[in-house]
Every structure is written in C-alpha cells, then in structure tokens.
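Visitor: I would like to learn how to read a model of this kind, feature by feature. Could you take me through it slowly?

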Amino acid sequence: MSDQLASVQHEYFRTARSGRLLKFCGVLLFLSFAVWTIHHLNIPIERLLGIFGRVGDIFFNRMMPPDMAYAMQPSILYRVLETIEMTFLGAFAGTMIAIFVSWFAAWNVTPNKTFLYPLGRGILVLARSVPVLIWGMLLVAILGFGPMAGVIALTLLTISFAGKLMSEQIEAIDMGPVEAMRATGAGPTRVFIFSVVPQVKPAWIGIAIYNWDSIFRASTILGFVGAGGLGIYLRMNIQELEYENAMGVIALIIGLVIISEVTSHYLRGRFYQE
Amino acid sequence: MADISGNYSAQGNPLRERSVILKRYGWNALAGILLAAMAYHIFVVETDWARMGGLADILSTTAEFLPNLAFFPIILEPLFETLLIAFWGTTLATVIAMPVAYIAARNVTPFYPITYPLGRTIIVMSRSVHELIFALIFVSALGLGPLPGIVALGCRSIGFLAKTTSEAIENVDRKPIEAMEATGTNPISVFLFGIFPQVYPVVVGNVIFQLDINLRRAAILGMVGAGGIGYVFSEQMQAYNWNNAGTVVLGIALMVIVGEIVSNRIRTRLISGAGGSRAGGD
C-alpha cells in the first residue's frame, strides 16, 4: 500500500518537475528569441530612451500648433463631405450585400450547403484577409483615382466586418420558428424572410450602425492612396513636409471620428436596445 | 369566430395607422433621396468613367494582378518582419495599457476626478486615431524602419486593451478585495493579488485577439516607411510590377488567415466558452 503511494508520489513529482523544467525552458527560449528579434529588426535599444525625448521635441516644436485655418478651407471641407458620402454609400451597399452573404454563410439556415455555404464563407474570408488600404490601392490601379475606388473598398470592408457579425447572429437564433416553417413546407427564402429576419433584425440594425462608424475611421485614410476623401491632403502635406498643415488635417480627422462615434452611440441607443 | 376573410390584422394595430405609415415612408423616402443624391455626386460628378474604359479594360487590368510565384521567396523576409512588428507593438501596448486600465476603471482609480478622465482620454485618443496617422507622426520623428511601426501599433492598441481590461476590472468579484482591504493591504498589492488574477484570462484573450488584428495593421505600415511588407507592396505598385504586387497581396492574405486560425485556436483553448469571436476592427 505504502509502496504504491510512494510510486504515485514519485510519479507526481517527476512529471511536475519535468513539466516545470519544460515550462522554464520554453520561457527561456522565448526570451532569447525576443532578444534576437530586436537585434534582427535593427532597433537601437541603447538609444531608445533618448529617442523618445526627440519625439516630444519634434512633436511640440514642428507639429504642435496645428494649422486649423488651413484645415478649414473650402476645398478640404468639400473632401470632408465626399468622405462622409463615401461612408454612407459604402455602408449601405455593403450591408445590402452582407445580408445575402451572411445568410449563405450561416450553417443553420443556408439555402445550399454544398455550394452557397462555401461561397459565403469564402467571400467573408477573402474580404477579411486583405487590409482595406490595400483593397483601395488595388482598386485605384484598376478603376483610376477617385472616390469610386474608395466606395468599393469600403463596401468590401463592410461585407467582411458586418457580414461576419451578422452571420454569427443568424447562427445564434432560436431554431423553433425555422423548424415550424420548414415543417409546413416553406422554402429557404421564405424561412429566411419570415423566421430569420424578424429574430435578427434588432441586432442587425445595431451592427449596421456600429459598422458605419467603424468604416468611417478607414474612410478618412483611404484618400492617402488616392481612393477619395480628405486623406489626400494628409499625403500632400506630409510629402511637402508641411507638418503644421498635416497636423491640422489630422486634428480635423480626429474631430470627425469622435463626432461619428458619438452619433453612432446615440443612434444605437435610439434604434437598438440591447 | 375571428374574421379570417378580411384584413383583420390591420384592425387596431397601431403600426398600421395612416399617420404612422406616412411617417415611416416619409423617413424611408428621405433616406432614399439622400442616398441617391450622394450616389449621383460620387459616381457621376466625381468619377471619370472615360478613363476607366469598358468592362474588358477593367478585366484585363485585373488579370495583370495575377500573382507571380517566383517573387514569393523574396517577400518571406518582409512578412517575417511584419510579424515581429505586430508582436512587439502588441507587447508595448500591453505594458502601457495595464496602468491605463488601472486608472480608467471606476472602482479602483486612485483619484477619481483627475485620473479617471485622464485614463478615458488616453483610451479615446488611441482608439480614434488610425494607425497610419500614428505611423506618419513617428516616422517623421524617428526616421524610417520598424521602430516607428512598433510604436505606432503600440499607441493604436492601447485603447482597446485598456478599455476591455478596465471593463473587466469594473466587473470583478468584490469579496476577495474586501477581505484583503480588511487586513490592511496596500492598494498596489490589492491590485496585484486581488484584481489581477480575476481579470487575467480576459486580458490574455484580448492580447491574443489584438495581436491578430495588429498583424493586419502592420501589413500596411510600410506604405509610409514604417517597416514590414507594406513597403514592398507600394514599391512594386509604383514600379507597375503588378504581378509582384499580386504576390504580396497573396502573402498578406495567407499570413492573416493563418494568424486568425492560430489566434482562434489559442483563445478557445485558453478561455473555453468565454469571449467568443469578434470581427476585425474594434
């Protein structure tokens, strides 16, 4: 009996010790890898603290009074209007397409499991895997400069972002009404319209508003690659080293983003009570 | 017997009253007109359709982006650099976000009237500035290379990590903390031994989630000279080497997909059930 206990104890301490040793080795290996990566990236670690003093110096001396008079000139305000229009068009078109994509990509109510389900999933994965700015650059190369490339990039971003959240909402619905309708012989389209949409509609409205405010942030930058909106002024001023003007544009962007967040918060509270 | 022959559902339904219907249609019509006006402005006034050419032109331009696989080995090194930038940016953000979360949590903030608004302001500023803007500022101050990219990602991620952590701190179980305070423990020890163990799983899950998001963000930072794969992409785009640019897009997509799968695996293993999945952005 005591023999058995001793062997169990021995076994316990042996595995515990080897586990600890393994963990220690893992941590050590990871730390040495981390140190190696700093070396690999050529980061001047010994100058790191001094560097941040320089950031502050440059930030406050060269950038700090943001030139708001420059940022408020009519040609920039026109681009602000263009940016806002781009977000609305992209959000609207994207949400309309995302309704179908999320329906196809929801396993429980998808109309066709062999063909449309992989299609829906594929669209979601493909749109998510490429950053929106790269979509913007590709579309500018294909369609030419202008806000149309931006609207399509924002549409893709909406499909990837809202579509995923929307299909997760569909997968979480109560299947009772769906089964009841299927039992009466309703096809997938009617099941979707009359038993899925009524259940997910409030959540979808919340997602659509949240998505609008999330793509707003991306839209202020899209102009950087020529895809429309006020980001173009950011690029121009940075290239001409006009940092005070650039900071004016950045301050304008921050103001717009905060306004869009407040608006989105208000609208979600009004139309969608959790 | 209910009258099932006529439109009985319209009787006494407040949603079917004429004024309600008119109001609803009025709002929908207004939204439709506004959208149509915006579409007219963007797609007709602002778009140069002649330059775009016909559908055949668009398709042939698109076909030029087909990936050139011979270029793939060359982008492996920048992809690895992107991964490292994302890793160090997330690490930096985690280190800074913990004190910010501490002062931005309503129940533990040291001096409510000053530290709480300060913490909230840091969170809002970090969340509402795009990573490219941070990168532009830090590139002009620190010069080219991965360091401004790491700092930019760090600044961008503080907001999300501090926000979720401070919300987790606000929702902790008060009992262990009261027990520790009753024995006279100082606030730092209360935070380390009473609060931190409770929020630890949430923090780890969010850090891994943020690492996955930062991989996507790090891929574009190179466009402004902050290191990583984005530099190769804009270089190839400017040289009109569109096959090579297609290869870079393929590489980024593969890296992001693998990163997302790994991050989901680890998160479901670490906190089984808690959290759930989220889409990109924050």
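Guide: Let us begin with domains, whose bounds come from an automatic or database domain assignment. This is a predicted model, in which local features need pLDDT of at least 70 and side-chain atom pairs count only at pLDDT 80 or more, while totals for chains, interfaces and linings use all residues. Residues are numbered from 1 along each chain as its sequence is written, and chains are lettered from A and ligands numbered from 1 in the order in which they are written.

Visitor: Into which domains is chain A divided, and how far apart do their C-alpha centres lie?

Guide: Chain A has domain 1 at residues 2-63 and domain 2 at residues 68-271, and their C-alpha centres are 39 Å apart. In chain B the assignment gives domain 1 as 8-47 and domain 2 as 69-270, with 41 Å between the two centres, again taken over C-alpha atoms.

Visitor: How should I judge the span of a helix, and where does α9(A) bend?

Guide: The expected span is 1.5 Å times one less than the number of residues. Helix α9 of chain A (residues 188-222) spans only 38 Å between its end C-alpha atoms, whereas a straight helix of 35 residues would span 51 Å. A bend is the angle between axes fitted to the seven residues ending at a residue and the seven starting there; in α9(A) it is about 55° at V197(A), and a proline, P198(A), follows within four residues. By contrast, helix α6 of chain B (residues 131-142) should span 16 Å, and its end C-alpha atoms are 16 Å apart, which agrees.

Visitor: How many residues of α6(B) are buried?

Guide: A residue is buried if 20 or more other C-beta atoms, placed from the backbone, lie within 10 Å of its own, exposed if 12 or fewer, and partly exposed in between. Twelve of the twelve residues of α6(B) are buried, so this helix is largely enclosed by the rest of the structure; among them are E131(B), F134(B) and S140(B). Just after α6(B), G143(B) takes a positive phi of about 90°.

Visitor: Where is G228(B) placed, and why does G228(B) count as buried?

Guide: G228(B) is in the loop between α9 (187-221) and α10 (229-238) of chain B, and it counts as buried because it has 28 C-beta neighbours inside 10 Å. Two residues are in contact if their C-beta atoms, placed from the backbone, lie within 7 Å. Leaving aside neighbours within four places in sequence, the contacts of G228(B) include P78(B), I85(B), P146(B) and G222(B).

Visitor: What is the mean pLDDT of chain B?

Guide: pLDDT is the predictor's confidence in each residue, from 0 to 100. Chain B has a mean of 82, and 91% of its residues reach 70 or more. Over residues 273-282 of chain B, however, the pLDDT is below 50. Where pLDDT is low, the predicted coordinates should not be read in detail.

Notes:
Helices (H or I, at least four residues) and strands (E, at least two) are DSSP runs, numbered from the N terminus.
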